[in-house]
Amino acid sequence: MTYAYDLGNGQRLLVENDGDDTRVALSSGDCAQQQNQSTGFSTGEWSKPPELFRAAESLVLRLESKSGTEFIGVQGNQIESMRSEPDLKNAERLTLKESKENISRMKPMEPMKPMEPMKPMG
């Protein structure tokens, strides 16, 4: 399952659990020239959906898995695991939406093939 958050300014944050790995990606630009930076973390399988917080200058992802709680910080285009638990007392909680997108499948877009002309209905 992938979760997405729209950061505004054309950027989306995507989070996906792939087996024992969590992938976090920033996708920017429109579909024609979508750029992704995806970072993988071995977090174990999630035990509940991820939570996202906006704290000061960065975004913080909180992931709970059987092996414990992990925090991943997103600041600008940097995605990194946080060594210590951030202070989220005054953080704003953001809503991650379930998404059909799939980070691991995001390859560079192929050029579109021209559509075949429609056959007449009949």
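Leucine 7 has its place in strand E1, where strands (E, at least two residues) and helices (H or I, at least four) are DSSP runs numbered from the N terminus. At 22% relative accessibility, leucine 7 counts as partly exposed, a class that lies between buried (under 20% relative accessible area) and exposed (over 50%), with a 1.4 Å probe and protein chains only. Not counting residues up to four places away in sequence, leucine 7 touches Arg12, Leu13, Leu26 and Leu59, contact being defined as heavy atoms within 4.5 Å. The C-alpha atoms of leucine 7 and serine 27 are separated by 9.9 Å, and these two residues are 20 residues apart along the chain.

This is a predicted model, in which local features need pLDDT of at least 70 and side-chain atom pairs count only at pLDDT 80 or more, while totals for chains, interfaces and linings use all residues. Residues are numbered from 1 along each chain as its sequence is written, and side-chain values use heavy atoms, with hydrogens and water left out.

**Overall architecture and confidence**

- The chain has 10 strands and 0 helices, and from the N terminus on its elements run β-β-β-β-β-β-β-β-β-β.
- Of the 122 residues in the chain, 36% are buried.
- Among the contacts in the chain with a separation of 6 or more, 46% come from residues 24 or more positions apart.
- The average pLDDT of the chain is 84, and 83% of the residues score at least 70; pLDDT is the predictor's confidence in each residue, from 0 to 100.

**Nonpolar cores**

- The largest nonpolar core has 17 residues, and those with the most contacts inside it are Leu13, Val24 and Leu52; such a core is a set of buried Ala, Val, Leu, Ile, Met, Phe, Trp, Tyr and Cys residues joined through side-chain atoms within 4.5 Å.
- The elements giving two or more residues to this core are E1, E2, strand E3 (21–28), strand E6 (58–65) and E7, and E6 gives the most, with 3 residues.
- Leaving aside neighbours within four places in sequence, leucine 52 is in contact with Tyr5, Leu13, Leu59, Val60, Leu61, Glu92, Arg93, Leu94 and Leu96.
- A second, separate core of 6 residues includes Phe53, Ala55, Val60 and Leu88.

**The aromatic pair**

- A search of the whole structure finds 1 aromatic pair, the criterion being that rings of Phe, Tyr and Trp (its six-membered ring) have centres within 6.5 Å, with planes under 30 degrees apart counted as stacked, over 60 as edge-to-face and the rest as tilted.
- The ring centres of tyrosine 3 and tryptophan 46 are 6.0 Å apart and their planes stand at 40 degrees, so the pair is tilted.
- Because tyrosine 3 lies in strand E1 (residues 2–8) and tryptophan 46 in the loop between strand E4 (35–42) and strand E5 (51–55), the pair ties together parts that are 43 residues apart in sequence.
- Tyrosine 3 is buried, with a relative accessible area of 10%, and tryptophan 46 also counts as buried at 11% relative accessibility.

**Buried polar residues**

- Glutamine 11, in strand E2 (residues 11–18), is buried with a relative accessible area of 16%.
- The side chain of glutamine 11 makes a polar contact of 3.3 Å with the side chain of asparagine 77; a polar contact is a pair of N or O atoms within 3.5 Å, where within protein one must be able to donate a hydrogen and the other to accept it, and residues adjacent in sequence count only if both atoms are side-chain atoms.
- Beyond residues up to four places away in sequence, glutamine 11 touches Tyr5, Asp6, Ser27, Ser28 and Asn77.
- Threonine 43 is found in the loop between E4 and E5 and is buried, with a relative accessible area of 2%.
- With neighbours within four places in sequence left aside, the contacts of threonine 43 are Asn17, Asp20, Asp21, Thr22, Leu63, Ser65, Ser67 and Glu70.

**Hairpin and backbone**

- Strand E7 (residues 68–75) pairs with strand E8 (residues 78–81) in the antiparallel sense over 4 bridges, pairing requiring that DSSP find at least two bridges between two strands.
- Valine 74 stands opposite isoleucine 79 in E8.
- E7 and E8 form a hairpin with 2 residues between them, and glycine 76 in the turn has a positive phi of about 60 degrees.
- Alanine 56, in the loop between E5 and E6, has a positive phi of about 45 degrees although it is not a glycine, and this alanine 56 is exposed, with a relative accessible area of 77%.
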